[in-house]
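Dear colleague,

Please read them alongside the coordinates.

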Amino acid sequence: MLNRKDLLGLIDASASEITEILDLAQEFKNRIKNGEKKISYLQNKTATILFYENSTRTRTSFEQAAKYLGASVINIVAGASSVAKGETLVDTGKTLDAQRNDFIIMRHNMGGAPYLLAKTVKASVLNAGDGINEHPTQALLDMLTMRETFGTLKGLKVAILGDIKHSRVAKSNLFGLKTMGAEVTMFAPETLLPKGIEQLGAKVCRSRQEALDGADVVMGLRIQLERQQAGNFPSLGEYAANYGVDEKILAYAKPNAIVLHPGPVNRGVELTSGVIDHERSHIEDQVLSGVAVRMAALCLLNDARKA
């Protein structure tokens, strides 16, 4: 059982905690595949989804996970709530606590915001992405997809390419994968590499070929247009030619390597259409893994609250 009230990041998650989440998530994934979508573990519980940033995949995935488990779900869009009137995060949290919410699922553009909220409320807080800090459930669904494919995470080589500097996905994956005994290589333009990432356990490579050499998993990260406008690289075309993954570059990975991407994908930029639609692409499978992982996180946090 998770010995924590909240799921805020993987930087401090133990191998046993990650394994517990992945084991339960695998069970839920199998049940969903078998057509079982009503699992009443969270009957009479309420989950509020509080997003200060736009989202489609993560929001709908959390909502589906909570509803599959029988919870009531409330959606709050910050721009259409009292937040737009100047309400502070702490006051929003106090309001949600007064309404007896059991879970608050929050995405925020400021790193550390979920930690502040978690200290304020009795509800369990689940971090759905905070600034450029972490996105723990995305990394967990990535790891579930990897483990389901290879049977283990220990010893896997995972190559991550893209905007690593601004990627909460890359950081959570690095923390979780290193804890589980995987090797993580990274490659990006120097302007999109955070200082000190090697001290956190990543191997920074000098070329795509070096990063992908012998890789079991190739993960692309989304490039945002504002990064180009800020001068982090000359053009999307040049980025694709020098840092993207096409089938020729993919050949440097192992023959059975899988391709992942947190989405949405810029076709022809991070990955070519040939790679996205390749038989080794597990991008669509990641979506179902996401629902299962978020179901597992909600259930295990609920158990921790009862303990």
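In what follows, two residues are said to meet when they have heavy atoms within 4.5 Å. Please also bear in mind that this is a predicted model.

With that cut-off, Glu20, Ile21, Leu24, Ala25, Phe28, Lys29, Ile32 and Lys33 in α1 meet a set of residues in α12 that includes Asp285, Leu288, Val291, Met295 and Leu300. By class, this contact of α1 with α12 has 13 nonpolar, 1 polar and 4 charged residues. As for the geometry, helix α1 (residues 15-33) packs against helix α12 (residues 283-306) at an angle of about 120°, their axes being 8 Å apart, which makes α1 oblique to α12. The crossing of these two helices, α1 and α12, is right-handed.

Turning to the strands, there is an open sheet of 4 strands with parallel pairing, in the order β2-β1-β3-β4. Because β2 and β4 (124-130) stand at the edges and each has a single partner strand, one side of each is left without a neighbour in the sheet. From one strand to the next, the twist averages 15°.

Strand β1 (residues 46-51) is joined to strand β2 (residues 72-77) by 6 bridges, with Thr48 opposite Ile74 in β2, and to strand β3 (residues 103-108) by 5 bridges, with Ile49 opposite Ile105 in β3. Together with helix α2 (residues 57-68), β1 and β2 make a right-handed β-α-β unit. Finally, helix α4 (residues 113-120) lies across β3 and β4, and α4 runs at about 170° to β4.

Best regards

Key: Residues numbered from 1 in each chain as written. Predicted model: local features only at pLDDT ≥ 70, side-chain atom pairs only at ≥ 80, totals over all residues. Heavy atoms only, no water. Axes fitted to C-alpha atoms, helices over the stretch in contact; angles between N-to-C directions. Parallel < 35°, antiparallel > 145°, perpendicular 65-115°, else oblique. Left-handed = near helix turned anticlockwise from the far one by under 90°. Nonpolar A, V, L, I, M, F, W, Y, C, P; charged D, E, K, R; others polar. Pairing = 2+ DSSP bridges. Right-handed = clockwise from strand over helix to strand, strands pointing away.
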